[in-house]
Amino acid sequence: VTEPTDLLIYGAGGFGREVAAWAEESSWLGHRVRLRGFIDDGAPVTAIDERPVLSIEQATAYWPDARFAIAVGTSSIRERLAAVAEAAGLRASPPLVHPSVITAGRSTIGDGSIVCPGTTLTTEVEIGRHVIVNLHCTVTHDTRLDDFVTLSPGTAISGNVTVRRGAFMGTGAITINGAPGHPLIIGEGATVGAGSVVMKDVPAGATVFGAPARPMLSQHASST
Ligand SMILES: CC(C)(COP(=O)(O)OP(=O)(O)OC[C@H]1O[C@@H](n2cnc3c(N)ncnc32)[C@H](O)[C@@H]1OP(=O)(O)O)[C@@H](O)C(=O)NCCC(=O)NCCS
């Protein structure tokens with residue numbers, strides 16, 4: 001039995017506290033973690049449930065060998081924080097996968113990714129690094145979630161879909177399926193609004209919402 005890896009959760013906000021509640025139950029591919037604390041430069045508290053909330057400098061001084069997972073839902077912020085943590089010498093943790101998550105095998109998950117309670121990943125699901133799959137999502141066969149993708153709670157991704165780097169799907173968003181060899185594509189950095197139904201490819205950087213999902217006029221687009 002190997003010793004658990006020391007874990008620091010980057011982000012002590014609502015999602016960070018949610019992940020902290022179960023992180024030590026994660027044992028994806030036998031990797032276990034021991035939660036040492038949080039990294040957050042802007043937190044109004046110095047501890048949460050007796051675990052310290054540290055600056056990046058403090059964290060690397062106390063736990064130089066710790067691994068980090070970023071519990072921040074906004075894809076672009078997560079990408080920036082990953083660069084900060086890596087520049088400080090920290091490495092991404094093994095994936096944090098809640099024990100209730102159902103997988104049918106032959107799925108892969110990259111380091112730093114977080115897969116929350118109640119989610120089902122079926123087969124041939126390829127998940128990159130620093131991806132967040134929030135509560136009660138379904139991600140089905142032959143689907144790719146590239147690095148820094150965020151699926152908010154209740155997202156349903158049908159088969160043969162590719163979600164490109166840094167794309168963000170709001171709560172309860174749904175995609176129809178693609179076809180073998182012709183995946184439905186959510187483009188790099190795209191934002192899909194809460195409750196949307198995606199019927200066709202979403203261009204890189206676009207914001208879409210509604211059922212069927214349609215592009216948001218650029219003067220309204222947010223900077224998620
Ligand atoms: C799509 C989205 C990114 C747009 O954000 P925004 O640029 O700030 O847009 P606004 O809130 O200014 O809304 C602009 C218009 O679009 C409408 N709209 C926005 N999101 C919508 C959605 N998901 N479905 C239907 N209509 C929507 C608004 O009602 C508003 O309409 P109006 O101009 O007639 O009043 C955002 O609304 C959204 O859905 N974000 C997902 C949030 C989420 O799920 N977070 C998960 C946290 S765990």
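Which residue of β24 does Thr191 stand opposite? I looked it up in this predicted model, and Thr191 faces Thr207. Their strands, β22 (residues 191–192) and β24 (residues 207–209), pair in the parallel sense over 2 bridges.

Next I traced the sheet. I got an open sheet of 8 strands, in the order β7-β10-β13-β16-β19-β22-β24-β25, with mixed pairing. I found β7 (96–97) and β25 (214–215) at the edges; each has a single partner strand, so one side of each has no neighbour in the sheet.

Then I checked the loop between β24 and β25, where Pro212 sits. The peptide bond from Ala211 to Pro212 is cis, with omega near -5°. I noted that most peptide bonds are trans.

On to the nonpolar cores. The largest one has 30 residues, and Val163 and Ile186 are among those with the most contacts inside it. I saw that β12 (125–127), β18 (161–163) and β21 (184–186) each give this core at least two residues. Apart from it I found another core of 19 residues, including Trp22 and Phe38. I also listed contacts of Val163 beyond four places in sequence: Arg144, Leu145, Asp146, Val149, Ile157 and Ile186.

Leu29 isn't a glycine, yet its phi is positive, about 50°. Buried or exposed, what is Leu29? Leu29 counts as exposed because its relative accessibility is 70%, over the 50% cut-off. Phe148, in the loop between β15 (143–145) and β16 (150–151), is buried, with a relative accessible area of 6%.

How values were computed
Residues numbered from 1 in each chain as written. Predicted model: local features only at pLDDT ≥ 70, side-chain atom pairs only at ≥ 80, totals over all residues. Heavy atoms only, no water. Core = buried A, V, L, I, M, F, W, Y, C linked by side-chain atoms within 4.5 Å. Buried < 20%, exposed > 50% of the residue type's maximum accessible area, 1.4 Å probe, protein only. Helix = DSSP H or I, 4+ residues; strand = E, 2+ residues; numbered from the N terminus. Contact = heavy atoms within 4.5 Å. Pairing = 2+ DSSP bridges.
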